[in-house]
Amino acid sequence: MRITNQMTTNNTIRYIQESLERLNTLQEQSSTGKQFQLPSDDPINASQSLSLESALSVSAGYQKTANFAKEWMTATDTSLSELTDIANQATSVVMSGLNDTESADERASALVPQLTEMINAAVDLGNSTYQGSYLFSGVSVDSPAFQLSGTSTLSYTGTSKAMTRSIGQNSSVTLNINGDEAISPLIQAMIKARDDLTSNNTTDLATVLDDLKSALSTLTDAQSENGGRLQQVENTISDLESFDSNLKSILSDKEDTDTTEAAALLENQETTYQAVLEVATRTLSALNLFSYLQNS
Amino acid sequence: MSSLSSGINTALQAILAQSQVIEVIDHNVANVDTTGYHRQSAVLEATSSNPTMSTYLGIGAGQLGTGVTVEQIQRFSQDYLDTQYRAVSAQNKNWDYQNQILTQVESAMSDTSGGGLSSELDQFWAAWQDLASDPTETSYRQEVLTDAASLCQVFNNDAQQLVSLQQDQNETIESQVSQINSLAKSIADLNGQISQAEAENQQPNDLLDQRDDDLDQLAELTGAVSSTQANGEVTVSISGHMLVTGQNALTLQTEADPTNNGLDSIVWANDSHSFTSNGGELGGILQARDVYIPKQLNAINQMANTLITQVNALHSSGYTQDGTQGGQFFSGSSALDISVEDGLTAEDIAASSSASESGNSDIATQIYNLSSQKLMANNTQTLGDYYNGAVTDLANTTQQASDNSGQSATVLDALDTQRQSVYGVSQDEEATNLATAQQAYQAAARVMTVINDLLDVVINQMGVGSG
């Protein structure tokens, strides 16, 4: 084939251009750490990485919700534990109230203040909050669950409707323990016990002991129900976490540059580019018959 | 009758012919880097010979040559290579322009390294998901507002960018149309000059170069094809419509098309028929402007519209923290004008499905659940999937355009090399030819000196009065 000067020039430019282009791609991949800059660099991986990013975002949202639920339930558990303690204390107070060794007045003056204090403590616990929301008010989290009007009338001001939260595509969890069902019996029983002690009605006081026992078992049931949910939420969190780390490693596989490989390729390409430049200098400048003929 | 003086003439012819050869070489060397220049070469021919008598016998001794002359200045070219080259260059430019514009569209949508519609949409859903976990948390409400606003912003930006990219193409189209018109005019003019020169039996080499260069450019622009007539003129047509016949050139003009958002359409000035071009730069631009960009624009418009309708329907059925019924969440109807309802505050967000249930986050959950509902493409795709599909579609189209552009460039390079091999100037070759011509010139001059010496002998040193 006849080789002309323009061919040599054009080819030289093309070789330099192609070499620079490869160098540029490798530089981009190394410095951004991503295998593709635009989706068209690798449509399949780009599309998958978009889906993976969305899945990660969804999973992060569920984790946030599940963690919120976990903390809510932990707070509920703490309150219920303390209420159980109070129930036990109240039971022993009532037991000593049924003990006949002391006079009625003595029993009333010693035990009634204790019970009053316990009642107040129990109402306070019933109105426990987590991040400003009342734990036992059902769905009306902005109003207290219990209200004590006068000394003996307890009213439940929450709702029986519970709050549910999604912690997965098809799984949801109920946050609340119904305060009216779980806590009211205890407080009612303690109020009754105090009133009986005040009025020295020992026959009735004996039945209160049964009330307290059943209130205690209601509390324990509520606590174990809450514990079961807590377990479910914790399992979900750990599932989501391992799902998350799987997704992240797949995502990284899809879009991240293998830095060692990229560095090696980059270095290789730099050498190639240098060689191309060197060849270009020679072909363009050195060889021309005119420069030889001149001297003859 | 041969004589010494005719010998001088022969030597002179040789000197003149070799001078012409050197001039042609000079022209070649001067144009070594000129685009479209076809190398020329002086074709030498022996001039007609005369019958000669033998000086001794007085009978015919055969014919004696009278020297050399330049028969023609030949121009090196190969028509079928030009035809192939132009066809491939039209394809190449077509893909090249599609690729360029598609890459701009892709960059405008910028969706790999975050900040794109996909990640904004994810964040928007995540904000509702957060709010669903705790509707009493004001920071979550604020987050919903902020993320919704930035989602709208990205919708607006993307749509705006696409629209302005589309309008940018209009300007290119206008300048290309005027370029086509001036090339057509130039070809028609050159046709006239060339047919005239050829009628006078002149080889209009440099005019042919100019016309070939014009035809190359026209093919790149529009995929125009040409054919040479017997009189040396070319006829040029684009997609079956004549552009240049003989010395007449038709013109194209642009006019705003009300059915296509006022974007330019191209029509033939003579018969108002609409111009179509599938090849060349112009074909690539039209394809990008009228097919690719509208497709993307339509995709994000539909997404925005669905989002507005669905979110608004749920939101207006809900209740705010203080128990008032929720209003519109988004306003607008397309990607270009979607925005968060004017004056909507964090307190106005209706997350609850029932008045006076502060812990109720059913509406927030339902809005979040929209993210996994198949609302798009006749209820077969979620919003996220649909957008992912649009991005992937764009990416595949871009990749295809880029691949085709690269492949056709390789073919084009090969064809150009072949063309160059036929008509390009090689300095080494010219140097060799120059050396040969120089030697021939010197030899002819030497012959002339010898004959001169011989005449000197005859005239000055022979016969009467000499010595």
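Biologist: Is A:N200 buried, partly exposed or exposed?
Modeller: This is a predicted model. Around A:N200 there are 14 other C-beta atoms within 10 Å. A residue counts as buried at 20 or more and as exposed at 12 or fewer. Because 14 falls in between, A:N200 is partly exposed.

Biologist: Where in chain A is A:N200 found, and what is its phi?
Modeller: A:N200 sits in the loop between α5 (184–199) and α6 (202–255) of chain A. Most residues other than glycine have a negative phi. A:N200 is not a glycine, yet its phi is positive, at about 55 degrees.

Biologist: Is B:N378 buried, partly exposed or exposed?
Modeller: B:N378 belongs to the loop between α7 (362–369) and α8 (383–423) of chain B. Its phi is positive too, near 55 degrees, and it is a residue other than glycine. The count of other C-beta atoms within 10 Å is 7.

Biologist: Which residue in the hairpin of β9(B) and β10(B) takes a positive phi?
Modeller: Strand β9 (residues 252–257) and strand β10 (residues 263–268) of chain B run antiparallel and are joined by six bridges. One of the residues involved is B:A256, whose bridge partner in β10(B) is B:D264. Five residues lie between the strands of this hairpin, and the residue with a positive phi, near 55 degrees, is B:N261.

Biologist: What radius of gyration does chain B have?
Modeller: Chain B contains nine helices and twelve strands. Along the principal axes, its C-alpha atoms fill a box of roughly 145 × 45 × 35 Å. A compact globule of 467 residues would have a radius of gyration near 23 Å, whereas the value for chain B is 39 Å.

Biologist: What percentage of the contacts in chain B with a separation of 6 or more comes from residues 24 or more positions apart?
Modeller: Of the 467 residues in chain B, 41% are buried. Among contacts with a separation of 6 or more, the share from residues 24 or more positions apart is 69%.

Biologist: Which element gives the largest share of the side of chain A that touches chain B?
Modeller: The contact takes 42 residues from chain A and 46 residues from chain B. On the chain A side, at least two residues each come from α1 (5–32), α2 (43–98), β5 (164–168) and α8 (289–293). That side divides into 17 nonpolar, 17 polar and eight charged residues. The largest share, 13 residues, comes from α2(A).

Note on methods
Residues numbered from 1 in each chain as written. Chains lettered and ligands numbered in written order. Predicted model: local features only at pLDDT ≥ 70, side-chain atom pairs only at ≥ 80, totals over all residues. Helix = DSSP H or I, 4+ residues; strand = E, 2+ residues; numbered from the N terminus. Rg over C-alpha atoms; globule rule 2.2 N^0.38 Å. Contact = placed C-beta atoms within 7 Å. Nonpolar A, V, L, I, M, F, W, Y, C, P; charged D, E, K, R; others polar. Pairing = 2+ DSSP bridges.
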